[in-house]
Structure formats: structure tokens, C-alpha cells
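Have the coordinates open as you read.

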Amino acid sequence: MAQLEILHPVAEILAASVPAARRPGTLDGATVGLFWNSKAGGDVALRAAAEELARRHDGITFRHYVGSVGSTYRQATPEDVQRMTAECDAVIGSSGD
């Protein structure tokens, strides 16, 4: 006799908790990283964010980052994240979705 096994097609949800990043008191004079993973439109969003922040904050500077791994879409490695953390006071990331 044949046996039929019924499975639930929904994967279990994995919960992960990450504490909120420290927020600087001001962005005046700050270095802000702009991380783009190469998805279409993400660069446009980052450029607009940088232009608006530059209008609002004196002496703000920007550093541009793209992930180290991947082909079409670039992902940040833990080393990339450490470098951005060391070089910037804040980072904005965009995926363009």
C-alpha cells in the first residue's frame, strides 16, 4: 500500500536581534559612508541623501563603498563593515529595491 506524507510548506522563521546602532548627536563635521550593493536605483537614492545631508550639515564629508563579494549585486563582508565603522561616523546603505 502507498503512503502519503504531508509536509507544511512554510519554513520556520528564524528570529535574530541586533541592537540599534549608536547615533551621533550631530552630523556637522561628520564623515558619512554611502554603501551601495549595485542594485539599480540605489546609487540615485544615495546621491539624493548625500545632497540633502550636505544642505543641512556644515563640514559633512562622504565616503563611497561597494561590497567586496558578489557579481551583479555586491555584498558587504564583515571586513567591509569593520572598515566602514572605522572610517565613518555614520553609514547609509541602499539596496535600490
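## The largest pocket

What volume does the largest pocket have? It comes to about 400 Å³. This is a predicted model, in which local features need pLDDT of at least 70 and side-chain atom pairs count only at pLDDT 80 or more, while totals for chains, interfaces and linings use all residues. Residues are numbered from 1 along each chain as its sequence is written, and side-chain values use heavy atoms, with hydrogens and water left out.

A pocket here is an open set of points, on a 1 Å grid over the protein atoms alone, where a 1.4 Å probe fits, with protein on both sides within 12 Å along at least five of seven lines; lining residues have an atom within 4 Å of a point. Grid points are joined across faces, edges and corners, and the volume is the space filled by probe spheres set on the points.

## What lines the pocket

The lining of the largest pocket includes Ala-20, Arg-22, Pro-24, Met-84, Cys-88 and Val-91. Helices (H or I, at least four residues) and strands (E, at least two) are DSSP runs, numbered from the N terminus.

By class, the lining holds 8 nonpolar, 1 polar and 3 charged residues. Ala, Val, Leu, Ile, Met, Phe, Trp, Tyr, Cys and Pro count as nonpolar, Asp, Glu, Lys and Arg as charged, and the others, Gly among them, as polar.

## The nonpolar core

The largest nonpolar core has 8 residues: Leu-27, Ala-30, Val-32, Leu-34, Leu-46, Ala-50, Leu-53 and Ile-60. β1 (31-36) and α1 (42-56) each supply at least two of its residues, and α1 gives the most, with 3. Such a core is a set of buried Ala, Val, Leu, Ile, Met, Phe, Trp, Tyr and Cys residues joined through side-chain atoms within 4.5 Å. In soluble globular proteins, nonpolar side chains tend to be buried together.

Contact means heavy atoms within 4.5 Å.

Thr-31 sits in strand β1 and counts as buried because its relative accessibility is 19%; buried means under 20% relative accessible area, exposed over 50%, and partly exposed in between (1.4 Å probe, protein chains only). Its side chain makes a polar contact of 3.2 Å with that of Thr-61. A polar contact is a pair of N or O atoms within 3.5 Å; within protein, one must be able to donate a hydrogen and the other to accept it, and residues adjacent in sequence count only if both atoms are side-chain atoms.

Thr-77 lies in the loop between β2 (61-66) and α2, and is buried because its relative accessible area is 16%. Leaving aside residues up to four places away in sequence, Thr-77 touches Ser-68 and Val-69.

## Partly exposed residues

Ser-38, in the loop between β1 and α1, has a positive phi of about 75° although it is not a glycine. Most residues other than glycine have a negative phi. With a relative accessible area of 25%, Ser-38 is partly exposed.

Arg-83 belongs to helix α2 and is partly exposed, at 36%; its C-alpha atom is separated by 9.8 Å from that of Tyr-65, 18 residues apart along the chain.
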